[in-house]
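Good morning, and thank you for coming. I would ask you to look at the sequence and the structure together while I speak.

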Amino acid sequence: LLIFTGIGVAWAGGFILIWLYGQPWFLDVNVLGTNLREVFQVRPVSLSIAVWVGFLALFGIATDDGVVMSTYIDQQFAKEKPAGIESIRAAIIQAGMRRVRPCLMTTATTILALLPVLTATGRGADIMLPMALPSIGGMLIAVVTMVLVPVLYCLREETKLRVGLPTCGPIAQR
């Protein structure tokens, strides 16, 4: 469940960008004599099969970020075996800081790879734009999961400590 919280956050981001594309004021700015609405083909997008395929791709990437973060936190717990609230928090902060860069790189490469799709005008561009919008919007907001997963993991481990259960991650218990 900790890993899949990223899907809800990414889902919201995808729908926010789709909604923004339907607003007449979104990207209505001239840069060097060119309107950004024309460059990025801003127009209302209906919920077609292409949009849902874009959401499926987005969910895979968002889940991957959660897996990267939680797996390393599990490894950190297996190595340090924290016994108190302060040691739990220190282990999670240390693990979270070590996995921010890989998660940001995943997000950045996804967004950068899809930006040309937003500016494409050739054959198939009318299908590719709705497919790319959920992924770009979701990845812009999914950066929040880099904070959400460690916070929820910390909450789980602190609750286990208060209840009296062992505070090692799932990998360490196998």
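I begin with a definition: two residues are in contact when they have heavy atoms within 4.5 Å of each other. With that in mind, consider Ser 135, which touches Gly 54, Ala 57, Leu 58 and Leu 114, leaving out residues up to four places away in sequence. Ser 135 is found in helix α5.

Before I go further, a word on the source: this is a predicted model, in which local features need pLDDT of at least 70, side-chain atom pairs count only at pLDDT 80 or more, and totals for chains, interfaces and linings use all residues. Residues are numbered from 1 along each chain as its sequence is written, and side-chain values use heavy atoms, with hydrogens and water left out.

Let me turn to the overall picture. How many helices and strands does the protein chain have? The secondary structure comes to seven helices and two strands. Here helices (H or I, at least four residues) and strands (E, at least two) are DSSP runs, numbered from the N terminus. Along the sequence the pattern reads α-β-β-α-α-α-α-α-α.

The C-alpha trace of the protein chain spans about 60 × 35 × 25 Å along its principal axes. Its radius of gyration is 20 Å, whereas a compact globule of 174 residues would have a value near 16 Å. That radius is taken over C-alpha atoms, and the globule rule is 2.2 Å times the number of residues to the power 0.38. Of the contacts in the protein chain with a separation of 6 or more, 71% are accounted for by residues 24 or more positions apart.

Of the 174 residues, 41% count as buried. The term buried means under 20% relative accessible area, exposed means over 50%, and partly exposed lies in between (1.4 Å probe, protein chains only).

I now come to the packing of helices. Axes are lines fitted to C-alpha atoms, for helices over the stretch in contact, and angles run from 0 to 180 degrees between N-to-C directions. Helix α3 (residues 49-80) packs with helix α4 (residues 85-119) at an angle of about 155°, and their axes are 9 Å apart. Therefore α3 is roughly antiparallel to α4. For such words, angles under 35 degrees count as roughly parallel, over 145 as roughly antiparallel, 65 to 115 as roughly perpendicular and the rest as oblique.

The crossing of α3 and α4 is right-handed. As to the rule, a crossing is left-handed if the near helix is turned anticlockwise from the far one by less than a right angle, and right-handed if clockwise. By class, this contact of α3 with α4 has 13 nonpolar, six polar and five charged residues. In these classes, Ala, Val, Leu, Ile, Met, Phe, Trp, Tyr, Cys and Pro count as nonpolar, Asp, Glu, Lys and Arg as charged, and the others, Gly among them, as polar. In the loop between α3 and α4 lies Lys 81, which has a positive phi of about 50° although it is not a glycine.

The next pair is α4 and α5. The axes of α4 and helix α5 (residues 125-141) come within 9 Å and cross at roughly 150°. Therefore α4 is roughly antiparallel to α5. The crossing of α4 and α5 is left-handed. Which classes of residue does this contact hold? The contact of α4 with α5 has twelve nonpolar, three polar and no charged residues.

Among the α4 residues that meet α5 is Thr 107. Thr 107 is buried, at a relative accessible area of 5%, and apart from neighbours within four places in sequence it is in contact with Asp 65, Met 139 and Val 143.

Leaving out residues up to four places away, Leu 133 touches Leu 17, Ile 18, Tyr 21, Val 45 and Leu 118.

Finally, consider two residues elsewhere. Leu 32 lies in the loop between β1 (30-31) and β2 (34-35) and is exposed, with a relative accessible area of 84%. Arg 37, in helix α2 (residues 36-39), is buried, with a relative accessible area of 19%. Its contacts beyond four places in sequence include Trp 25, Phe 26 and Val 42.
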